[in-house]
Amino acid sequence: MDEPRIAPGGLKELGLVNYGVSVLAGRVIGGHKPNVFTTLGRQRRLFRGWLYYSGRLMPGGRLPRRDSELVILRIATIRECEYERRHHVRIGRKVGITPAEIDRLADETWPGWSDRERALFAVADQFVDDKFIDDATWAAVSAHLDEAELIELLLLCGQYDSLATVLLTLKVQPEA
């Protein structure tokens with residue numbers, strides 16, 4: 001594995017608040033402090049704003065958690081962001097995403113996906129690949145979501161596409 005471009009920080013680099021948030025996050029997920037937190041937390045003020053924004057999208061958003069996790073996992077799969085994918089496979093399982101579904105995240109034609117899930121995947125795919133959603137895809141997803149949910153879906157795609165870019169660029173390593 002590549003060495004991280006910016007190593008995860010400790011108490012000195014993160015400051016008391018960000019370090020505490022990282023410790024708490026590790027306890028919640030049942031493991032070590034997440035490297036995403038101990039890396040991004042080195043930018044002390046932005047980290048807390050990013051964390052608040054992220055939390056408002058997931059788990060605090062209007063979209064059902066399963067939908068949010070499927071979109072996040074689809075983006076992590078498309079972007080080949082193993083860090084993001086590993087974290088959200090665990091979360092996804094907690095909200096009812098099955099191992100069979102996880103195995104087929106790259107296959108939008110799998111017959112096990114609902115029309116709603118296919119529409120969510122199409123949005124995620126176009127967002128990542130084109131940075132634009134075409135009219136046909138917009139019409140398909142609009143049949144399943146209200147206006148507030150549509151806006152949230154786009155912001156969720158943007159958040160996790162951006163996070164994948166940051167994680168991949170910084171070479172943040174999955175926890176042991």
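Select helix 4 and helix 5 to begin: their crossing is left-handed, a term used when the near helix is turned anticlockwise from the far one by less than a right angle, with right-handed used if clockwise. The coordinates belong to a predicted model, in which local features need pLDDT of at least 70 and side-chain atom pairs count only at pLDDT 80 or more, while totals for chains, interfaces and linings use all residues. Residues are numbered from 1 along each chain as its sequence is written, and side-chain values use heavy atoms, with hydrogens and water left out.

**Helix 4 and helix 5**

Helix 4 covers residues 65-79 and helix 5 covers residues 82-94; helices here are DSSP runs (H or I, at least four residues), numbered from the N terminus. Two packed helices are described by the angle between their axes and the distance between the axes. For helix 4 and helix 5 the angle is about 155° and the axes lie 9 Å apart. The axes are lines fitted to C-alpha atoms over the stretch in contact, and angles run from 0 to 180 degrees between N-to-C directions. Helix 4 and helix 5 are therefore roughly antiparallel to each other; angles over 145 degrees count as roughly antiparallel, under 35 as roughly parallel, 65 to 115 as roughly perpendicular, and the rest as oblique.

Next, display the side chains of R65, E69, I72, L73, I75, A76 and T77 in helix 4, which meet E84, R85, H88, V89, I91 and G92 in helix 5. Contact means heavy atoms within 4.5 Å. By class, this contact of helix 4 with helix 5 has 6 nonpolar, 3 polar and 4 charged residues. Ala, Val, Leu, Ile, Met, Phe, Trp, Tyr, Cys and Pro count as nonpolar, Asp, Glu, Lys and Arg as charged, and the others, Gly among them, as polar.

**Helix 1 and helix 3**

Move to residues 11-29 (helix 1) and residues 44-57 (helix 3), whose axes come within 10 Å and cross at roughly 20°. Helix 1 and helix 3 are therefore roughly parallel to each other, and their crossing is right-handed. Selecting K12, E13, L14, G15, V17, N18 and V21 in helix 1 shows the residues that meet R44, F47, R48 and L51 in helix 3. The contact of helix 1 with helix 3 comprises 5 nonpolar, 2 polar and 4 charged residues.

In the loop between helix 3 and helix 4, select P59. A cis peptide bond joins M58 to P59, with omega of about 15°.

**Helix 7 and helix 9**

Helix 7 (residues 115-130) and helix 9 have axes that come within 10 Å and cross at roughly 50°. That makes helix 7 oblique to helix 9, and the crossing is right-handed. In helix 7, highlight L120, V123, A124, F127 and V128; these meet L153, L154, C157, G158 and D161 in helix 9. The residues of this contact divide into 8 nonpolar, 1 polar and 1 charged.

Select K131 in the loop between helix 7 and helix 8 (135-142). Its phi is near 60°, a positive value in a residue other than glycine. K131 is exposed, with a relative accessible area of 52%; exposed means over 50%, buried under 20%, and partly exposed in between (1.4 Å probe, protein chains only).

K171, in the segment after helix 9, has a positive phi of about 60° although it is not a glycine. At 25% relative accessibility, K171 counts as partly exposed.

Finally, select Q173, also placed in the segment after helix 9 (147-170). Q173 is buried, with a relative accessible area of 17%. The side chain of Q173 reaches the backbone oxygen of D2 at 2.9 Å.

Methods
Helix = DSSP H or I, 4+ residues; strand = E, 2+ residues; numbered from the N terminus. Polar contact = N/O pair within 3.5 Å; in protein donor to acceptor, adjacent residues only side chain to side chain.
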